[in-house]
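The following exercises concern a single protein chain. Each task is followed by a solution in steps.

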Amino acid sequence: MSPQVLEPTFQYSHTIGADATTGKGFRTPVSIALRGEQIYVVNRSQEYQPHGRRVTVCTVDEEFILEFGQGPTTPGEDRTTAADGCLIWPTSVALDKVGNAYVADEWLNRISIFGKDGEFKGKWGTPGMGVGEIDQPSGLCFDSDDNLLLVDSGNNRIQKFTKDGEFLSRWGTGGNGNGELNLPWGIDIDDAGDVYVVDWGNSRVQKFTANGQFLMAFGRSGKADGELNQPSDIAVDLDGLIYVADWDNDRVQVFDANGSFITKLTGNGTISKWGKERLDANPEMWRQRELAYDLEREKDFSGPISVAVDNKGRIFISESGRHRIQVYRKQVPIFFGGRL
C-alpha cells in the first residue's frame, strides 16, 4: 500500500540571540544567511546606535564566532565618507559558493564583500535608475551559476549581476499588475531555478522564471489567513513549501507550491542560551522577570522580518522587534491506508 503524505506540522526548537550592540546578541536583525551550522545575521540597529550595525556570525547552537562590518562610531557618515567595509543601513546578506558574504546597504547603494574571517574584500554598486544602477537595494540571493540576484527596491525591479558587479539582466517595473512591483523586498530561488519576490507595497508574492517571465502571484492585503500585510521576506524549501515573513501581521505564513495557505507560525520563543547567561550573571533580573506582567506574550513574534530554511527541515525566523531568531523543525507525518 502506497503511503499518503499529509500536510506538515512545525515544532518549535529553540531561540537564538539577545539584545546587544556587539558580541553575543543582535540589534534589529533584518536578514539571515545559512552556511551549514553557521548563521550570518545582519544587524540594522537604530539610528542613534550606529555602532550596532554589523553582521554577526554564530552557530545554530548559539556559539558566537565573529562579527564584521561595524557601522560608524558617530552618526553622519554619508556616501562619500563611509569607509570601506562600513555598514550604514544594511538590508540583506547572501553567501556565494566559497563562503564570501555579500551585504546590501540601502543608504550607500552598494554591495560590500567580506571573506570567511570577516575581512573586507571589495565593493561595487552605482546609485541611479539606469541599467546596472541601483536604488535602495534590499534582498539578495545567488543562483546556481553563482550570479547575484538583487532586489532593486527603489527602482521596483530585479537585477542580476556577476559576483564582481557586472550587470547581466533585469526585469520588473513599478505598478500593481502581474509582473509589476511596488517596493519589493525579499527574494529566493527554488530548486527549479524559479524566482520568488516579496512585493512589499502590494502585499503579495510573485513568482518568475529565471529570465523574469511572470508565472503567478498570491496574497492580498489583509489579516486573514493567506492575506499579507507588508510582507518582508520569503524562503522556499526542498519540498516546494513557501514561507513568507508577514511582518506587519507578526507571523510567518506557510503556503504550498501553488500559493495556497497551509498554516501560520506566530511564535513560541523561550529564553536563549545567551539570554540565560545574562540573567544568571544578575540574579536580580530573574526576580524582576518573575514580577513582570503578562510575560506570556514574550513568546510571540514581534516584527518577523526574515526567514531562511536549510536542507534539514529547519526554519529560521528573525524578529526585528525582539532581537532574536526562533528556530522550528518541519514534521511531515506519513500515513498508510488512512492509519498511522
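Lys and Arg count as positive and Asp and Glu as negative, while His and the chain ends are not counted. The model examined here is predicted.

**Exercise 1.** State how far apart the mean positions of the positive and negative charges of the chain are.

*Solution.* The chain has 36 positive and 49 negative charges. Their mean positions are 3 Å apart.

**Exercise 2.** Describe the secondary structure and the overall form of the chain.

*Solution.* Step one: the chain contains 2 helices and 28 strands. Step two: its radius of gyration is 20 Å, close to the 20 Å given by the globule rule for 340 residues, so the chain is as compact as a globular protein of that length. Step three: along the principal axes, the C-alpha atoms fill a box of roughly 55 × 55 × 35 Å.

**Exercise 3.** Determine what share of the residues is buried, and what share of the accessible surface belongs to carbon and sulfur atoms.

*Solution.* Of the 340 residues, 53% count as buried. The accessible surface comes to about 15,000 Å², and 47% of this belongs to carbon and sulfur atoms.

Terms used. Residues numbered from 1 in each chain as written. Predicted model: local features only at pLDDT ≥ 70, side-chain atom pairs only at ≥ 80, totals over all residues. Heavy atoms only, no water. Helix = DSSP H or I, 4+ residues; strand = E, 2+ residues; numbered from the N terminus. Rg over C-alpha atoms; globule rule 2.2 N^0.38 Å. Buried < 20%, exposed > 50% of the residue type's maximum accessible area, 1.4 Å probe, protein only. Areas by Shrake-Rupley, 256 points an atom, 1.4 Å probe, with all protein chains shown as cover. Charge placed at Lys NZ, Arg CZ, Asp CG, Glu CD.
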